[in-house]
Amino acid sequence: MSAPGIATRFPALRDVLELLKPVTWFPPIWAFMCGVVSSGVPIADRWPFLIAGVLLTGPLVCGTSQAVNDWFDRHVDAINEPDRPIPSGRIAGRWGLWIANIGTALSLLVAWATGPWVLGATCVALLCAWGYSAPPFRFKVSGVWGPAVVALTYEGLTWFTGASVMAGALPAAPILIVLALYSLGAHGIMTLNDFKAVEGDRATGLRSLPVVLGVGRAARVACVVMAVPQVVVVGLLAYWGHQVAAAIVAALLVGQVALMRRLLRDPRGQAPWYNATGTTLYVLGMLASAFGLGGVAGL
């Protein structure tokens, strides 16, 4: 595809919105709200910063990452998804790249207005967003680094943003430890997304874990990666005196392990089902942990 310059025709708003994929904004916003809850700061005290954080983690940083990904994958999408806004010509010329650049600039501006810790987290998130899709890094081709980058940005950095935007400072050590553990566990969740495209990944040189390890072994690794950090979270919450929160996370983990048995019988066929069930239990555990850390409702 040739893109010699900025197209004279401005893209339609509906096409820009499709490029930014609003459906992908929910996971980082959920993690952001976990950060807000874990801070223990009343929302009424910092509501302008709360609104800024939601905009930052959802439409700005996450939306920008989607635009970056679609721009650098436009040649592949022209074959596999020709109806996408860029390969279809609805977002023509270099508008896809310019939308990504504008989103990057707006993200940095909003982050700067919310404080230095949020700005730092946003810079890391944007570097990950560009590095995931853009050469020379293209972390997405690796079954280790690709899921790690997505897990860090979708879970860890957004949780960090929620906690720091409310506290106006670096979050407390227990919050940092728990968000790091949930980021690690989310690597397994991201690996599940690779089961649907094993043949395509193998043909195009993407070294996802199902390609490198085989579907069955990759599924077992993903399950272990999802479960072990939660075991550690349960132990830490109990140690810190949040027994109710620890019990809730433990019960949700037991539910996930039960669902993993079905997943392991047919990883490729059951991955979408597990994402709708087991992953839901995982993120509910995140919220329960946040309630405990924030001292909400006696958890």
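A residue is called buried when its relative accessible area is under 20%, exposed when that area is over 50%, and partly exposed in between. By this scale Glu18, at 32% relative accessibility, counts as partly exposed. The model described here is predicted.

Glu18 forms a salt bridge with Arg84, in which the closest N and O atoms are 3.6 Å apart. Because Arg84 lies in the loop between α4 (74-80) and α5 while Glu18 lies in helix α1, the pair ties together parts that are 66 residues apart in sequence. Arg84 itself is buried, with a relative accessible area of 11%. Both residues belong to a network of salt bridges that also links Asp15, Lys21, Asp70 and Arg90.

| Pair | N to O distance |
|---|---|
| Arg84 and Glu18 | 3.6 Å |
| Asp73 and Arg138 | 3.4 Å |
| Asp73 and Lys140 | 2.4 Å |

Asp73 lies in the loop between α3 and α4 and Lys140 in the loop between α6 and α7, so their pair ties together parts that are 67 residues apart in sequence. Asp73 is buried, and so is Lys140, whereas Arg138, at 22% relative accessibility, counts as partly exposed.

Helix α1 (residues 13-20) also contains Leu17, which is partly exposed with a relative accessible area of 44%. Leaving aside neighbours within four places in sequence, Leu17 is in contact with Pro22 and Trp25.

Turning to the nonpolar residues, the largest nonpolar core has 73 residues, and those with the most contacts inside it are Trp159, Tyr182 and Met286.

How values were computed
Residues numbered from 1 in each chain as written. Predicted model: local features only at pLDDT ≥ 70, side-chain atom pairs only at ≥ 80, totals over all residues. Heavy atoms only, no water. Core = buried A, V, L, I, M, F, W, Y, C linked by side-chain atoms within 4.5 Å. Buried < 20%, exposed > 50% of the residue type's maximum accessible area, 1.4 Å probe, protein only. Helix = DSSP H or I, 4+ residues; strand = E, 2+ residues; numbered from the N terminus. Contact = heavy atoms within 4.5 Å. Salt bridge = Lys/Arg side-chain N within 4 Å of Asp/Glu carboxyl O.
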